[in-house]
Number of protein chains: 2
Amino acid sequence: MTFQTKNFSYLKQSFGDFMAAVTSGAQLYLRSVATTQPAKHATHLSKDFPSLAADFCLPEVLSTVSSNAHSSPLRISGPVTLWLHYDVLANVLCQIRGTKRLRLYPPSDVSRLAYPPGASSSNVDVFASRNDMSDAQYANLMRTHPHEAFLRPGDVLFIPPAWSHTAKPEEKLSVAVNCFWRNLGDEVYAQGRDVYGNRDIAAYEEGRKAVEKMAKGFEGVPKDLRGFYLERLVGELREKVEASGAEGVGEGNERDS
Amino acid sequence: MTFQTKNFSYLKQSFGDFMAAVTSGAQLYLRSVATTQPAKHATHLSKDFPSLAADFCLPEVLSTVSSNAHSSPLRISGPVTLWLHYDVLANVLCQIRGTKRLRLYPPSDVSRLAYPPGASSSNVDVFASRNDMSDAQYANLMRTHPHEAFLRPGDVLFIPPAWSHTAKPEEKLSVAVNCFWRNLGDEVYAQGRDVYGNRDIAAYEEGRKAVEKMAKGFEGVPKDLRGFYLERLVGELREKVEASGAEGVGEGNERDS
């Protein structure tokens, strides 16, 4: 599935019908939502599937996940690939049935992964063949630092905030529970609703408004002068990235490899 | 002279003493300022050198320079090179005595010319030999688009806003009058004092504050996440530069060559 071209549709189906179809090989993907007011509340396995609740518990070592819990969607999928995206909340993916191959990219790869401004879904199909990719996109991907994880039933994978990831099923059917939690101070997160755990942090939301305002400030300025000053502002913002000790793009982020 | 290391000093001298010294080869540079309250008012040749006023007049074709006049400093120099800098106001450099070689760079070269944030003086000595330059600075300079102008007495050179320039004298003594004027709408300029015609436009001053604020907003955010989001904001600001049709850095600004 790709989020950009929306080559899929949303479907309401009884759980029984869904399970029958997906176990017989249908290209379906279930990501549970809350039983009541799903646009407002996050889903919790124990609340939304009370009959399954007793069957799933996190190990003691992950008590921080439970005590800061945000949501725990159930994911059941047939032979479909979920598009590359990142989550803002930390999460653990707990594989229950089937196997799955995940590809993950560290936060420092972000500028090579074609995220539209403000989007948490990428426009890149990292599994596409060389011939189905533009030269520029291929060159970008060649400079990323992908990690691969192969999940078997019982495996738990930690997916840190802002790590881009995509999953390819290795068998017909995959069942997983995905537990999200807040691992950062409350002030870091944007205020208000975040049903899916992918709402960007407050500083980025504010930063995007500032970028808009900055660009607007140059309306009416002749284009050579506008270019001159915007170019400098880009450079000055980049210096802030580097001064903050944050990992920039470029060679030698070897500790991630 | 370089502005960065300030390898020169400011000196009060009578005009007669100055002229005697500079005509006998002293490394001196006079850039006139206003006779009264020089930190507040810009200099005008006709006001500050009334006895010379009748000797200097701009041709009719430059009437816009006179009607929007900001200042007209007198520049008298011995064998010294003025550092690379840009002016925010449009100006014409009118060569009176001696000859001068100017090197100019279009606004689109700005990111390769090592301007510190908020400064209008560059840290690069573009006349330095290859061996006195870092590899990075040399590589940057190789990708600029320098223009050269050779001024003889009677020549008038138009220096547009944000064109970086530096001058090398070709003879012992050079005398010039430099007429600055406002060629943009009043709303483009920063409000308040601008004695030298090099105060940055309002949108850049505001933009710099926004960059500071943006960076501050990420304090307390873990560095990988900070890098992830700041990197995206850099990319989004760069998209604004490109979308505005402004000349970016890069190959193919051939119309400037």
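In this predicted model, helices H7(A) and H6(B) pass each other in a right-handed crossing. The two helices, residues 223-243 of chain A and residues 202-217 of chain B, pack at an angle of about 20 degrees, and their axes lie 10 Å apart. Because angles under 35 degrees count as roughly parallel, H7(A) is described as roughly parallel to H6(B). On the H7(A) side, the contact is made by Tyr229(A), Arg232(A), Leu233(A), Glu236(A), Leu237(A) and Lys240(A). Facing them in H6(B) are Tyr204(B), Gly207(B), Arg208(B), Val211(B), Glu212(B), Met214(B) and Ala215(B).

A contact between H6 of chain A and H7 of chain B can be described in the same terms. From H6(A), the residues involved are Tyr204(A), Gly207(A), Arg208(A), Val211(A), Glu212(A), Met214(A) and Ala215(A). These meet Tyr229(B), Arg232(B), Leu233(B), Glu236(B), Leu237(B) and Lys240(B) of H7(B). The contact of H6(A) with H7(B) divides into 7 nonpolar, 1 polar and 5 charged residues.

The H6 helices of the two chains also pack against each other, with an angle of about 175 degrees and axes 10 Å apart. Since angles over 145 degrees count as roughly antiparallel, H6(A) and H6(B) are placed in that class. Ala203(A), Gly207(A), Ala210(A), Val211(A), Met214(A) and Gly217(A) of H6(A) meet Ala203(B), Gly207(B), Ala210(B), Val211(B), Met214(B) and Gly217(B) of H6(B). This contact of H6(A) with H6(B) holds 8 nonpolar and 4 polar residues, with no charged ones. Gly207(A), Val211(A) and Met214(A) are among the residues that meet H6(B), and these three residues are also listed in the contact of H6(A) with H7(B).

Within chain A, the domain assignment gives domain 1 as residues 15-188 and domain 2 as residues 202-245. The centres of these two domains of chain A, taken over C-alpha atoms, are separated by 33 Å.

Turning to the strands, chain A has an open sheet of 4 strands in the order E4-E9-E6-E7, with antiparallel pairing. Its edge strands are E4 (82-85) and E7 (147-151) of chain A, each of which pairs on one side only. From one strand to the next, the twist averages 20 degrees. Strand E6 (residues 100-105) and strand E9 (residues 164-169) of chain A run antiparallel and are joined by 6 bridges. Tyr105(A) has Ser164(A) in E9(A) as its bridge partner.

In chain B, an open sheet is likewise formed by 4 strands in the order E4-E9-E6-E7, and the pairing is antiparallel. Strands E4 (82-85) and E7 (147-151) of chain B stand at the edges with a single partner strand each, so one side of each is left without a neighbour in the sheet. The twist in this sheet averages 20 degrees from one strand to the next. E4(B) pairs in the antiparallel sense with strand E9 (residues 164-169) of chain B over 2 bridges. His85(B) stands opposite His165(B) in E9(B).

Conventions
Residues are numbered from 1 along each chain as its sequence is written. Chains are lettered from A and ligands numbered from 1 in the order in which they are written. This is a predicted model: local features need pLDDT of at least 70, side-chain atom pairs count only at pLDDT 80 or more; totals for chains, interfaces and linings use all residues. Side-chain values use heavy atoms; hydrogens and water are left out. Contact means heavy atoms within 4.5 Å. Ala, Val, Leu, Ile, Met, Phe, Trp, Tyr, Cys and Pro count as nonpolar, Asp, Glu, Lys and Arg as charged, and the others, Gly among them, as polar. Two strands pair if DSSP finds at least two bridges between them. Axes are lines fitted to C-alpha atoms, for helices over the stretch in contact, and angles run from 0 to 180 degrees between N-to-C directions. Domain bounds come from an automatic or database domain assignment. Angles under 35 degrees count as roughly parallel, over 145 as roughly antiparallel, 65 to 115 as roughly perpendicular and the rest as oblique. A crossing is left-handed if the near helix is turned anticlockwise from the far one by less than a right angle, and right-handed if clockwise.
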